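Subject: Structure handover

Hi,

Here is the structure I promised to pass on. Have a look at it, and then read on for what turned up.

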Amino acid sequence: EKDLLKALPLRGKKVLITAGPTYEAIDPVRFIGNHSSGKMGFAIAETAAGLGAEVILVAGPVNIGTDHPNVKLLSVTSAEEMFNECIEHFSNCDIAILSAAVADYRPVVVASEKIKKKDSELHIKLEKTRDILATLGERKKDQFLVGFALETENELENAKTKLKKKNLDLIVLNSLRDKGAGFKGDTNKVTLIDKDNKEYPFSVKPKTEVARDILEFIIEKLHA
Ligand code: CTP
Ligand code: CA
């Protein structure tokens, strides 16, 4: 009985997770998006559920799914839809892990008809989307809030700035410079940075194992 409970360290915990890209419509047939596969977020969701958590997974357009009974999948398309779902569920959660590659900008107007080709240049005016993670950081009570940082330069410094600015408890730095890392493949190389700016580098490994590393780190912090 005791060993069984030990194996489910997230039992009774509610975890909010975001995953995948967002698509920002330009017209009825086009959008601005990115190459995020959602694999990292789905791996975290399934691993957390396997550790006993009740998971709400808010995912942008992805080609993967989950049949884990403790993962409730909420599919969204745009950054705004993802924002609304996160706001709705955050207050009931104990842990939030935002791994989605949310679009930073979206077209100011969405054309109601397909934009036709002309001889002239086409300019699409973009406005900023709302920062979901920063908003949760502002509203945080006793939730443990985790963000990701995707950097190509000044990685550690930029990640630490995000950690502080968005009021996070932990940031997962995802280096696009390392081989075997990034948001398309099956492996990842991360460095975890805690609130005290302490760095914990991990080696390149499958995303399922990275998910476990991240969750074990969070569980240790919750017990500390
Ligand atoms: N994020 C979010 N909502 C946004 C933009 C980002 O929730 N509108 C979250 C991401 O899910 C990630 C973290 O913020 O957990 C950092 O995302 P990233 O793109 O690395 O940083 P930005 O703050 O958007 O800054 P920049 O893209 O300029 O580096
Ligand atoms: Ca961004």
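Before anything else, a term: two strands count as paired if DSSP finds at least two bridges between them. Helices (H or I, at least four residues) and strands (E, at least two) are DSSP runs, numbered from the N terminus. Keep in mind that this is a predicted model: local features need pLDDT of at least 70, side-chain atom pairs count only at pLDDT 80 or more, and totals for chains, interfaces and linings use all residues. Residues are numbered from 1 along each chain as its sequence is written, while chains are lettered from A and ligands numbered from 1 in the order in which they are written.

Let's start with the sheet. It is open, has eight strands in the order S5-S4-S1-S6-S9-S10-S12-S13, and its pairing is mixed. Strand S5 (71-75) and strand S13 (199-201) are the edges; each has a single partner strand, so one side of each has no neighbour in the sheet. From one strand to the next, the twist averages 15 degrees (axes are lines fitted to C-alpha atoms, for helices over the stretch in contact, and angles run from 0 to 180 degrees between N-to-C directions).

Now for some of the pairs. S1 and S4 run parallel, joined by six bridges, and Thr18 has Val58 in S4 as its bridge partner. S4 is also parallel to S5, over five bridges, with Val55 opposite Val71 in S5. Over at S13, strand S12 (residues 190-194) pairs with S13 in the antiparallel sense through three bridges, and Ile193 faces Glu199 in S13.

How many of the six residues of S4 are buried? Five are, so S4 is largely enclosed by the rest of the structure. Buried here means 20 or more other C-beta atoms within 10 Å of a residue's own; exposed means 12 or fewer, partly exposed is in between, and C-beta atoms are placed from the backbone.

Contact means that the C-beta atoms of two residues, placed from the backbone, lie within 7 Å. H2 is mostly covered, with 11 of its 12 residues buried, including Phe42, Ile44 and Glu46. Those buried residues pack against S1, S4, S5, S6, strand S11 (187-188) and H6. After H2 comes Gly52, with a positive phi near 105 degrees. Helix H6 (residues 207-223), for its part, lies across S6, S9, strand S10 (170-175) and S12, at about 140 degrees to S9.

Then there is ligand 1. Which residues come nearest to it? Of the 16 around ligand 1, they are Val102, Ile132, Leu133, Gly147 and Phe148. A residue is near a molecule if its C-beta atom, placed from the backbone, lies within 6 Å of it. Helix H4 (132-139) and strand S9 (144-151) each give two or more residues to this shell, and S9 gives the most, with four.

Last, Lys165 lies in helix H5 (residues 155-165). Lys165 is partly exposed, with 13 other C-beta atoms within 10 Å.

Cheers
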